[in-house]
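Let's take a walk through this fold together. Have the sequence and the 3D view open side by side.

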Amino acid sequence: MVTKEEFRYRLIYESLSRFSSNLSRTSTFEDLRSCLQRDIKYLFDYPLIRFTFYKSDQVISYAISSTRCELDRIHMEDLWPLEKRLIKTEVPMVMDVLSEVKQNLPGYEESFKDRIVSVWGWNFNFGKQQGVLVSVFTESGKPFRYTDLPVLKITVENFFAKNLNISLFSEIFKQKKELEEALQLLKEKSDEIGLLVNSQEKIIVERTSELLHKNTKLVELSRMNAHTIREPLS
């Protein structure tokens, strides 16, 4: 007979497999946002969970509640207070003082803030100046379960890998676009130079023809003058 705990782990495993599969098919940050909004609720039953991917100066956050997932491209100075502490200390922490908890919910309604009783935070570092910040906001009757931590780690690893993949492709696409624009500019300049060269060649040909014509006239005039002067002398 399957126990309640075994059934729960089976559901978690199926949800994690589905999430990983859907995540692998995403190719943009917006696709990733939709995937998180659709699948995270089956893995973590909390009022709000926020994943923040950071890589050097690039910071992208996903705040997932029961009804929506908000995607924000921000700067390091725009991180929530808890996230700034996690960046600085890299030590997991928990807050259960309501005043401190509310400080970590900028832009949220007071009715929502009043539901939150604690916030848990981690900084999963994946190398120099890159990683994922995770903030889990819990409410009364739904505390954070330590059994969720292994699932959270797997989720974060997949989440980081996909964000890094999309980020690198975005950078490559941006560099490719910049290179194409530079090549197009070079082509336009080359065409302009070509037109200028052709124009100069035309002018040179015209001037050369004009000089040859004048030179011919001068030779003829010189001959006529020489004949006119020589005849009386003779």
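The tour goes from the sheet to the helices and then to the core.

A quick word on the ground rules: this is a predicted model, in which local features need pLDDT of at least 70 and side-chain atom pairs count only at pLDDT 80 or more, while totals for chains, interfaces and linings use all residues. Residues are numbered from 1 along each chain as its sequence is written, and side-chain values use heavy atoms, with hydrogens and water left out.

Start with the sheet. It is open and built from 6 strands in the order β3-β2-β1-β6-β5-β4, with antiparallel pairing. Strands (E, at least two residues) and helices (H or I, at least four) are DSSP runs numbered from the N terminus, and two strands pair if DSSP finds at least two bridges between them. β3 (69–74) and β4 (93–95) sit at the edges with a single partner strand each, so one side of each has no neighbour in the sheet. On average, neighbouring strands are turned by 15° against each other, direction ignored; axes here are lines fitted to C-alpha atoms, for helices over the stretch in contact, and angles run from 0 to 180 degrees between N-to-C directions.

Helix α2 touches β2 and β3, its direction making about 25° with that of β2. Contact means heavy atoms within 4.5 Å. Helix α3 (residues 81–89) also packs on the sheet, touching β1, β4, β5 and β6, at about 35° to β5.

What about α1? In this helix I12, S15, L16, F19, N22 and L23 are buried (under 20% relative accessible area; exposed is over 50%, partly exposed in between, with a 1.4 Å probe and protein chains only). Down the axis, the buried residues of α1 fall within an arc of 130° (taken from the directions from the helix axis to the C-beta atoms), so they line one face of the helix. On the other side, Y13 and S24 are exposed.

Finally, the inside. A nonpolar core is a set of buried Ala, Val, Leu, Ile, Met, Phe, Trp, Tyr and Cys residues joined through side-chain atoms within 4.5 Å. The largest one has 33 residues, and those touching the most other members are L36, I40, I49, F51, Y62, V134 and L152. Helix α6 gives the most to this core, 7 residues. Apart from it lies another core of 19 residues, including L48, V59, I74 and I116.
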